[in-house]
Amino acid sequence: MNTSIIYAIGAAVRAWSEEFCQGHGIPTLFVDILAWGIGAILVLVLALLVALFIIWLERKVSGYIQVRLGPTRVGPVGLFQTAMDALKLLQKEDIIPQGADYWLHLCGPVLVFTSFMLGFAVIPWDVKATLAANVDLNVGLLYLLGVTSVGVLGIVMAGWGSNNKWSLLGAMRGAAQIISYEVPLLLALVCVVMVAGTLSLTRIVEAQGPGILAWYVFKPYLWIPFIMFIICGTAEVNRTPFDLPEAESELVGGFHTEYSGMKFALFFLTEFDHMWFVGLLGAAVFLGGWQSPIGAADPIPGFVWLMLKSFAFVLLLQWFRWTLPRLRVDQLMGLAWKFLIPVGFIALAIVCVAVLFV
Amino acid sequence: MSEEQDKGQKEEEAARQVVEPLPEQIAEALGDRVSEGGVLDGVVHITVPAEELADALRIVGFEIENSYSHLSDLCGVDRADCIEVVYHLFRPMSDEAVVVRVKLPRGNPQVPTATELWDTANWAEREAAEMYGVTFTGHPDPRPLLLPEDIQGHPMRKDWEYPEEHPYLSREPLHEDFPDVVGRVRVEAPPGREEEIEE
Amino acid sequence: MARAKKAITSTIAEAVVSIIKGHWVTLVNFWRPTVCERYPHKDKSLDYKPGPGYKGDFALITDKEKGRLRCIACQTCERSCPNGCIRVVPEGKGKERYPAEFYIDVGLCMNCGICVEVCPVDALTMTPDYECSVHDPRDLVRNIEQLTERGLEFDEVSRVK
Amino acid sequence: MPVVRNGGRRDACPTTNSMETQTALPTEELLINMGPQHPSTHGVLRLVLTLDGERVVEAVPHIGYLHSSMEKIAEASTYQQYVPYADRYDYLNAMGNEFAYVRAVEKLCGIEVTPRCEYIRVIMAEMNRIASHLVYFGCLGLDSGAWTPFLYCFREREVVLQLFEDTSGQRLLYHYLRIGGLRNDLPAHFCDKLAEFLDYFPDRIKEYDDLLTYNVIFRNRLEGTGQLSQELCRRYSISGPNVRGSGIPYDVRRVVGYSIYPQLEFDIPTQEEGDAFARHLVRVEEMRQSVRILKQCLEKLPEGEINVKVPRKLKPVVGEVFERLESPRGELGCYLVSDGSEKPWRLHWRAPSFYNLQVLPELVRGAYVADIVIILGSIDIVLPDIDR
């Protein structure tokens, strides 16, 4: 399969934009802007829908793990529960605490949400289909890591702007944690980059070829980076066992203690979308992205495979969350700096040798 | 209750009142610090004057052989004619007990603190202090413990009366058929925001 | 006494094993039957009713033969209630004594069941009804009509069997 | 010039030393209120914390938010009327509280209860110990961030509560024990249901251990946290599993040997280390020992009457009694003074949580914020028990 449904949609959008611009005498520069804008809105809608679904899934998974039922009332098997919750949050009063820094308080969730939404620009959805249809950013991975780490700023802004000591503690923890875990995450991804020989996510996926055995996760010298990626990915999305910035039993919600209504919903959506995002990245980097496990002659669209793989990651993270307790802040730092980073360098060395000789 | 039972109970009561003398070890160690003392049902009861209490507790709790170093309980008792502070001391890992008590005047009960011997006496003394008005001299942290700051008097004393007016509690009954059930929480708006809370 | 430090290799091995074990437990429990019930949406299988002897809402038992309440308005329950949540207004003298009014403030009651135990004629019982929520606390005061109506189902005091 | 921090308590925070010598940045301690509304204070406890970063410099507990005048109520109610109140202050150990109070009154009045009654009382107390430790286990899991053990523990606790409900008519505050006996005999299905539960419960404990106790993250959180030395135990009159976690086999069931405990075989589990993990292990082992006790009780349970005749107007002799027994939280004492009337002259509860909580400031000094909730959870307090 050379093309895909997603690519066809992108091409159709682009063709329509061109026609629209020509018909109204708009300069060709705006063709790109229009086409990408429509694509961005489509991805945003998809991300929101997926977030709603993941929240429902999380509730169901946690319910069944904890021998409960999870949501059952709104819609079939409670499927519309999260949509209703979102509606409820929309109606809620937006409370800004006394003494809070209005702009920081406002910008915190917006920045957190924006920073990781920007990352979706380079996710390869299907053959030749990123957000910009057929444009492939050749430093995709670098861009992605750079953009998503801006989210830390949002967390710090939220914590500081809330004028709450618990929030501040949570924000400090969050900043320390996310910055620390970016180093081993980067090391793990660098191993992959060395094997693939490119920073472009599309090419990394293409390098993993058709068929399940060509995926990077099945290369023995990439096992350590894969496990590191899972650990660091969990830490990056602040989920148990690394949910220290929120830590409801210690910090009563951490940096989002003082948020309510739609701003809280933004944090909430971000957390779950971020999880999916890590799943997409992991699927692209280690599980062959849109590649089908049975080879090129697979009638199932690559987009579906990508979704399945990313949801496998999401389920794994959910399984972690409902099984493991939380680390303490010094143990968290120790794990990153004293264990994962040395192990990352060892893995890097192994991959060097493997790339040279295998 | 039948007469027989009554009689039986009186005999039993009489039997219980027989007090054996203090064990020699404690009697010797305490000397004339004890104003009253005896053994009842296997439990050593000692009454000491307030000024001797610190010494008595130290001797019984730490200085004698096989000392009674486990302070199990410390509480005040209103004995109508006096206020008592009772210390229940046990030998570690055994059921042998010494009950040290000190009788204090109702007017201005003062007693030295036991916090130097047992840190655990800290809260217990604070509780006894606010409930019975006993002053524990030398206490490191003599703030009230359980009760609200604005409470009048010492509520566990027998002569304490429920205040007529209380800022949070209403004396009006909720239901007309239960006129003497009072003390429900009164909902009152803070000054300036009366209109927000409707009855 | 402090704990001894372990060798790093055994620590890693133990750590991995312990984490896998934990995940196995959650996985096993994922497939176990759930224990939750969709209260108050009662499905057929979930129609829970506490057994006899449950200390729920109150009822006054009617003597079916004589066609009147068993209660003789002796007010023992009123006196023995620790919270004072019972009011009985007696009417008549001697054998004709009966309760004109009988109030129980369920909001004040702590369901200890002393009133039922002290009743000399077994006239008062606690029923397995546990749903007592109302919107106004004043509605929690049960009067003699409500108590009698609820008691029509009962011939005897509800007791553990 | 090095900045002096921590109020001169630098030795309590060893890791900050090197920082101080290198930088002269002025830093401030953070004063922060933990509670009264905080998810991990197990009720309405307020801790005023002085923090140096994430390290605790000083913690001052404030209690009294749940004060309910239990002792004053006792002076206003008769001996029988107070039994349901005894349930209400340590609500996780309602049967144990009733047991203590009822024993104290019976000792004061010289009442001997029947053997079957004693056995049933011990069965109830031990079942309540299991239920209470299950709550402890689940809550410690919650405090450490693991949600799932809480639900599993409540699933098993549900079985125990259902048995309580069938027996006493209530699920939490039972009012089952009476002076001189019990409310009623056991229901017909009780022994079978309990035996069935006792059969599978040890497997479930093993499951909890796999899930939480021996999880590496949980162990690392608990080991070395909240070190409670034997000297501290003595100074603070610590009792219950806390003191046994420090290597002192002090258990009132063994030391006093009340009720039928001398006739039963059970071990007093102890651990030497004295940290939160040691206390945790002691509690887990205690659940197993309770299962053992319950099995023996079911085997030996004699037939016969459960109640002895007690006058309705109970007037004990003038005197006083201090009755101790082992609650899941430690040494529970009931000090009862009688003036010969129908009502107690004075009743004082030696509440184990009240005495155990006092040691908290000592344990959390120099620990992390995250350790506070672990230490608090491992001491296993119940706030109404503290405030009474």
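Q: How far apart are the nearest C-alpha atoms of chain A and chain B?

A: In this predicted model, chain A and chain B do not touch, and their nearest C-alpha atoms are 17 Å apart.

Q: How is the size of an interface expressed, and what is the area buried between chain B and chain D?

A: The size of an interface is often given as the accessible area lost when the parts come together. Between chain B and chain D the buried area is about 3,700 Å², and carbon and sulfur atoms give 53% of that area. On the side of chain B, the residues that lose the most area to chain D are B:Met93, B:Trp123 and B:Leu146, which together make up 18% of what that side buries.

Q: How many salt bridges and polar contacts are counted between chain B and chain D?

A: Six salt bridges are counted between chain B and chain D, and the rule finds 24 residue pairs in polar contact across that interface, both residues being at pLDDT 80 or more. A salt bridge joins the side chains of D:Glu320 and B:Arg101, with 2.5 Å from N to O.

Q: Turning to sheets, in what order do the strands E6, E7 and E8 of chain D lie, and why is one side of E6 and of E8 left without a neighbour?

A: In chain D the order is E6-E7-E8, in an open sheet with antiparallel pairing. Strand E6 (319–327) and strand E8 (344–350) of chain D stand at the edges and have a single partner strand each, so one side of each lacks a neighbour in the sheet. Neighbouring strands of this sheet are turned by 15 degrees against each other on average, direction ignored. Strand E7 (residues 330–338) of chain D pairs with E6(D) over nine bridges in the antiparallel sense, and D:Glu326 stands opposite D:Glu331 in E7(D). Helix H3 (residues 79–87) of chain D lies across E7 and E8 of chain D, running at about 20 degrees to E8(D).

Q: What is the order of the open sheet in chain C, and which helix packs on it?

A: Its three strands come in the order E4-E5-E7, again with antiparallel pairing. Strand E4 (86–91) and strand E7 (141–142) of chain C are at the edges with a single partner strand each, so one side of each is left without a neighbour in the sheet. Two bridges join strand E5 (residues 98–105) of chain C to E7(C), where C:Ile104 stands opposite C:Arg142. Helix H4 (residues 144–151) of chain C packs on this sheet, touching E5 and E7 of chain C, and its direction makes about 90 degrees with that of E5(C).

Q: What span should helix H7 of chain A have, and what lies at its start and after it?

A: At 1.5 Å a residue, the 32 residues of H7(A) (residues 165–196) should span 46 Å, which agrees with the 46 Å between its end C-alpha atoms. At the start of H7(A), a side-chain oxygen of A:Asn164 comes to within 2.7 Å of the backbone nitrogen of A:Trp166.

Key. Residues are numbered from 1 along each chain as its sequence is written. Chains are lettered from A and ligands numbered from 1 in the order in which they are written. This is a predicted model: local features need pLDDT of at least 70, side-chain atom pairs count only at pLDDT 80 or more; totals for chains, interfaces and linings use all residues. Side-chain values use heavy atoms; hydrogens and water are left out. Two strands pair if DSSP finds at least two bridges between them. Helices (H or I, at least four residues) and strands (E, at least two) are DSSP runs, numbered from the N terminus. Axes are lines fitted to C-alpha atoms, for helices over the stretch in contact, and angles run from 0 to 180 degrees between N-to-C directions. Contact means heavy atoms within 4.5 Å. The expected span of a helix is 1.5 Å times one less than its number of residues. A polar contact is a pair of N or O atoms within 3.5 Å; within protein, one must be able to donate a hydrogen and the other to accept it, and residues adjacent in sequence count only if both atoms are side-chain atoms. Buried area is the accessible area (1.4 Å probe) that two parts lose on being put together, summed over both. A salt bridge is a side-chain nitrogen of Lys or Arg within 4 Å of a carboxyl oxygen of Asp or Glu.
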